Amino acid sequence: MAESTHSICVFCGSRSGNDPQYAKDAAALGREIAAQHWRLVYGAGDVGLMGTVANATQGAGGETFGVIPTHLLDWEVGKRDLTRFVVTENMHERKKVMYMNSDAIVVLPGGAGSLDEFFEVLTWRQLGLHEKPIFFLNANGYWDPLIGLMDHVVAQGFADDSLTGFYQLFADVASLTAALRAALS
């Protein structure tokens, strides 16, 4: 295993969703993270897209750093065979540890937890607390309704235009990987 040069935090679902493309993309991203000698930082689950991205990263020889709160060890099936496995007391601490140990954030399809994670790092970025890139993998337009909402928030005067510049969307893993390489160089 080559030493990781950067760490990519991946927020994603503890379920796989209804579209098989989501799992295909999660696996492809995991393989790319390993191929680029980056470290995967994620929620330490072995279910859904979380498990898919972690297993693909490991299968390709990549380094993994998982962070899970105590109350989700059973529910998300804490994946204990990671390079590094951290158990936190609560969800907020989990997000903080994941954020602090990453150089970039990638958001794959997911539910309320993924939205919570995205909005927290977006808010921190809006407040000037970090400049880490935030990227969405917008598989088959999954995130289009959210982007519409963000545009609505700006149009209605609840945020400056700069808000929508704090994140970027990519339709496929290849363009996302190229953007990550550029952002981390």
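Trainee: What should I know before I start?
Mentor: The model is predicted, so local features need pLDDT of at least 70 and side-chain atom pairs count only at pLDDT 80 or more, while totals for chains, interfaces and linings use all residues. Residues are numbered from 1 along each chain as its sequence is written, and side-chain values use heavy atoms, with hydrogens and water left out.

Trainee: Okay, what is the strand order in the open sheet?
Mentor: Its seven strands have the order 4-3-2-1-5-6-7 with parallel pairing, where strands are DSSP runs of E with at least two residues, numbered from the N terminus, and two of them pair if DSSP finds at least two bridges between them.

Trainee: And which are the edge strands?
Mentor: They are strand 4 (84-88) and strand 7 (168-170), each pairing on one side only.

Trainee: How many bridges join strand 1 to strand 2?
Mentor: Four bridges join strand 1 (residues 6-11) to strand 2 (residues 38-42), and His6 stands opposite Trp38 in strand 2.

Trainee: Switching to helices, at what angle do helix 1 and helix 6 pack?
Mentor: Helix 1 (residues 20-35) and helix 6 pack at about 35°, with axes 10 Å apart; helices are DSSP runs of H or I with at least four residues, and axes are lines fitted to C-alpha atoms over the stretch in contact, with angles from 0 to 180 degrees between N-to-C directions.

Trainee: Which residues make the contact?
Mentor: Asp25, Ala28, Leu29 and Glu32 of helix 1 meet Val173, Leu176 and Thr177 of helix 6, contact meaning heavy atoms within 4.5 Å.
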